[in-house]
Amino acid sequence: MTKSIGALVTEHVAVGIVEDNKIVGTVWRFPDAENSSDVLGGMPAEEIVQIIARAIEKAREGSEIDAIGVGFPGINRNGFIEDSPNLKQTKGLHLGDSLAALLGAKGTGKPVRVLNDAAALAAGLAATRGQLDKLVRVWYLGVGIGLGRYPQGDAVSEGGHTVVTLDPKETFCGCGGVGHLEGIMGHRSMRLRFLDLEPEEVFEQAREGDERCREFVEFWHRALAAATASSIHIDGPGKFFISGLNARHVQANMLDTYLHDMVKMSPLQGSALEVVSTSDETAIIGAAVSAATS
Ligand SMILES: [Zn+2]
């Protein structure tokens, strides 16, 4: 049976061993306290690589490994990080080669497959739900916004930066681009837009009838519907999962209504949207499964 290592890098690092689409043993995390978020944000790229390597060594505990997969934010080609808006210092990092070299010196000796973090999540959902034969997409609503696709293929996986408005004042996206989905839905972007309210309070006050918040929540849903419609028009209809910190604010009916308004051609209708809770473990499984089958 294939024994692979999956790693997820977001605002933290999580690593586990995967066998038969399940995690076996302990998941190693850095930092280990759940609430010390965004330590990686201020850390030099080389240090991040060393932390990933150490976590892989710990998870592995000396056992034989067939494949290593790392889910990492941003655009990479064959393990070279071309850009990563939420871990900017890693732009230009040869992550795959550096990790393989660090691990090789300790006897792992396996190539490292690097894929987009949202793509790892999509692969994990496909693997844990028996849908490895289907096209699976997942919106990840976190600090930034990810659109993961399984199979990833050569996809860039930056659907979170889909342009959903032509308003030149929409400039809150972490990448600096104008009119992006992440600039409306991303947690960081919402904090920049509502300097007086936390995102949770915006959704709460919308429920209580506050006009400014209610309008924003509608805009938030229309933005997600628009980006989903664009994905459908390019890639076809299918299953879309929605997960991450802010998925709990999604009102399925509102989203469905907007999507119906935006997708009218009959062969493109019939997509299903489902809010799911995912965890680091889902993406770890996806990274490992992708590495084992590539
Ligand atoms: Zn952007």
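**Chatting through a predicted fold**

Biologist: Okay, of the contacts between residues at least 6 apart in sequence, what share join residues at least 24 apart?
Modeller: In this protein, 65% of them do. Keep in mind that we're looking at a predicted model.

Biologist: And how many helices and strands are there?
Modeller: The protein has 9 helices and 11 strands.

Biologist: What radius of gyration does it have, and what would a compact globule have?
Modeller: The protein comes out at 19 Å, and a compact globule of 294 residues would be near 19 Å, so the two agree. Along the principal axes, the C-alpha trace spans about 60 × 45 × 30 Å.

Biologist: What percentage of the residues are buried?
Modeller: Buried residues account for 46% of the 294.

Biologist: Which of them point which way?
Modeller: Ala67, Gly69 and Gly71 point one way, while Ile68, Val70 and Phe72 point the other way.

Biologist: Does strand 1 run parallel or antiparallel to strand 4?
Modeller: Parallel: strand 1 (residues 3-9) is joined to strand 4 by 5 bridges. Within that pairing, Ala7 has Val70 as its bridge partner. Strand 4 also pairs with strand 7 (residues 112-116), again in the parallel sense and over 5 bridges. There, Gly71 stands opposite Leu115.

Biologist: Back to Ala7. What is Ala7 in contact with, beyond its neighbours within four places in sequence?
Modeller: The list is Val13, Val15, Ile52, Ala55, Ile56, Val70, Gly71, Ile284 and Ala287.

Biologist: Which residues touch the most other members of the largest nonpolar core?
Modeller: Ala7 and Ile52 do, in a core of 79 residues. This core takes at least three residues from each of domain 1 (3-122 + 280-293) and domain 2 (134-275).

Biologist: What do nonpolar side chains tend to do in general?
Modeller: In soluble globular proteins, they tend to be buried together.

Biologist: New topic: hairpins. How many residues sit between strand 5 and strand 6?
Modeller: There are 2 residues between them in the hairpin, and Asn78 in the turn has a positive phi of about 50 degrees. Strand 5 (residues 75-77) and strand 6 (residues 80-83) run antiparallel, joined by 3 bridges.

Biologist: And what's the bridge partner of Ile75 in strand 6?
Modeller: That would be Asp83.

Technical notes:
Residues numbered from 1 in each chain as written. Predicted model: local features only at pLDDT ≥ 70, side-chain atom pairs only at ≥ 80, totals over all residues. Helix = DSSP H or I, 4+ residues; strand = E, 2+ residues; numbered from the N terminus. Rg over C-alpha atoms; globule rule 2.2 N^0.38 Å. Buried ≥ 20, exposed ≤ 12 C-beta atoms within 10 Å, placed from the backbone. Contact = placed C-beta atoms within 7 Å. Pairing = 2+ DSSP bridges. Core = buried A, V, L, I, M, F, W, Y, C linked by C-beta atoms within 7 Å. Domains from an automatic or database assignment.
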